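Have the model open in your viewer, and let us walk through it together. We will go from turns to sheets, then to helices and a few single residues.

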Amino acid sequence: MERLEGTWLVAVSAGPDSMALLSMCLEAGISCAAAHVNYHHRAQAEEEESWVRLFCRENNIPLYVLNEPFAYTGNFEAAARTWRYDFFEKLVRENGYRGVLVAHHEDDLIETYFMQEEKNIVPSCWGLAGEMMYHGILVKRPLLDMTKKDLVSYCDEHGIRYYNDATNQDESLARNRIRHQMVEPMSRMERAMVRREINMKNAEAHERSCRVGTLIRGGSVSLEAYRKLSESDRFALLRKVVEKGRHFSLSFIRQTDGVLMSRNDFELPAGSQNLVQKDGRFFLFTPRKEYAYVFHSMAEILNFEGTADFKILPPRPGVSAVTVREEDFPLTIRSVRPSDRIEMRFGFKKVHRFFIDRHIPLYQRKTWPVVENSGRQIILVPGLGCDRSHYSVCPDFNVIQCVSSDQL
């Protein structure tokens with residue numbers, strides 16, 4: 001195993017792979033601490049924890065144990081992974097460790113690849129990467145060139161006790177079926193061929209990612225340029241735009257691509273952000289909430305500092321200016337609603353129609369400001385103008401919508 005500088009946190013179950021990893025770190029003179037997670041979901045969990053504690057104590061290895069009751073919803077494996085990796089992240093940050101070492105081996109790598117193929121997904125990495133980041137924490141897999149048999153043999157030869165997880169024999173689970181029926185019977189040559197196939201796919205994906213990445217300018221991509229790409233290139237480019245610390249399913253990517261190929265305006269959820277367009281370019285945008293600010297006097301309005309959504313400016317004639325009277329108070333400046341309309345000189349106009357006529361992007365419409373008087377009448381729509389009874393050549397103030405840096 002390679003020599004690693006600094007102190008590392010080793011993720012330790014009581015299985016032969018993680019016990020071998022911890023022992024190899026000691027053998028290689030790598031400074032390390034250990035982290036063990038007890039889910040309390042198996043009969044031998046307490047015995048395994050006791051053994052890990054004893055091994056670490058006898059070898060002077062600092063040990064951290066998470067043995068709180070584990071409650072979860074949905075998929076056990078996914079919830080358990082998040083629980084333990086959040087634990088590892090906390091330990092690394094609190095103690096200044098270089099990162100986390102996990103004991104995934106070649107069998108895990110090939111199993112993962114076969115599962116990816118079986119599920120017909122396009123992952124961010126085929127198989128398992130030697131290194132990855134988890135919330136800014138480095139996670140290394142130094143045993144990917146060793147098989148499960150290699151690690152069992154290492155433990156046996158060094159007299160290291162280990163436990164086998166009985167649930168790994170349950171072939172009703174896809175990973176166990178693939179492990180026992182496909183991976184374990186493979187010859188050394190067959191394994192090497194699969195490894196080459198994985199490496200070729202990852203190299204191709206990396207080349208494509210770098211190539212399409214040149215189309216990203218300031219976090220945005222031209223719709224016209226996007227539509228000229230092949231499907232594989234479009235999918236890779238879309239992933240580079242939307243995948244910020246998470247992985248989206250192929251189904252999500254395909255559906256999103258369908259919208260980008262057929263519509264010129266959209267607002268699509270992509271995790272905690274939305275994928276939106278402006279001026280023929282699409283990018284991620286953090287959606288904003290509806291708002292309403294009430295003012296009881298002109299002094300309150302003129303002293304208002306503004307928000308991320310709108311600003312109040314000194315009076316100047318134009319389509320963002322309004323003149324108000326005493327009976328208009330209290331005034332409300334709020335985000336637009338679907339039913340809003342304003343009485344202009346030529347009759348009533350729906351604010352929604354104004355958005356369409358002016359080609360206002362969908363994502364900007366929800367927080368576009370309007371001014372409403374005490375009679376619940378819209379008296380100003382910035383960009384369209386004030387209503388017929390609140391116009392003058394000497395307006396009282398202007399209201400403009402703010403365009404932040406993430407709106408390009």
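In the hairpin of β17 and β18, 5 residues lie between the strands, and Arg-376 takes a positive phi near 65°. Strands here are DSSP runs of E with at least two residues, helices are runs of H or I with at least four residues, and both are numbered from the N terminus. The model is a predicted one, in which local features need pLDDT of at least 70 and side-chain atom pairs count only at pLDDT 80 or more, while totals for chains, interfaces and linings use all residues. Residues are numbered from 1 along each chain as its sequence is written, and side-chain values use heavy atoms, with hydrogens and water left out.

Glu-372 has Ile-378 of β18 as its bridge partner. On the other hand, β18 also pairs with β19, again antiparallel and over 2 bridges, with Val-381 bridged to Gly-385 in β19. That pair forms a hairpin too, with 3 residues between the strands and a positive phi of about 95° at Gly-383 in the turn.

Another open sheet has 4 strands, ordered β7-β10-β9-β8 and paired antiparallel. Here the edges belong to β7 (221-222) and β8 (267-270); each has a single partner strand, so one side of each lacks a neighbour in the sheet. Within this sheet, β9 (residues 273-278) runs antiparallel to β10 (residues 281-285), joined by 5 bridges, and Lys-278 stands opposite Arg-281 in β10. Helix α10 (residues 250-262) packs on the sheet and touches β8, β9 and β10, its direction making about 165° with that of β8. Helix α9 (residues 231-242) lies across β7, β8, β9 and β10, running at about 35° to β10. For these angles, axes are lines fitted to C-alpha atoms, for helices over the stretch in contact, and the angle between N-to-C directions runs from 0 to 180 degrees.

β15 is joined to antiparallel strand β16 (residues 347-350) by 4 bridges, through a hairpin of 2 residues, and Met-344 has Gly-347 as its bridge partner in β16.

Next comes a helix pair. The axes of α4 (residues 106-118) and α6 (residues 174-183) come within 10 Å and cross at roughly 110°. That makes α4 roughly perpendicular to α6, a label for angles of 65 to 115 degrees. Among the residues that meet there are Ile-110, Phe-114 and Met-115 in α4, and Ile-178, Met-182 and Val-183 in α6, where contact means heavy atoms within 4.5 Å.

Glu-48 lies in helix α2 (residues 45-58) and counts as buried at 5% relative accessibility. Leaving aside its neighbours within four places in sequence, Glu-48 is in contact with Ala-14, Arg-42 and Tyr-163.

His-135, in the loop between β5 (131-134) and β6 (137-140), has a positive phi of about 50° although it is not a glycine. His-359 also has a positive phi, about 55°, and is found in the loop between α12 (351-357) and α13 (362-365). Are these two buried or exposed? His-135 is partly exposed at 48%, whereas His-359 counts as exposed at 67% relative accessibility.

Finally, the peptide bond from Phe-329 to Pro-330 is cis, with omega near 0°, and Pro-330 sits in the loop between β13 (321-322) and β14 (331-335).

Notes
Two strands pair if DSSP finds at least two bridges between them. Angles under 35 degrees count as roughly parallel, over 145 as roughly antiparallel, 65 to 115 as roughly perpendicular and the rest as oblique. Buried means under 20% relative accessible area, exposed over 50%, partly exposed in between (1.4 Å probe, protein chains only).
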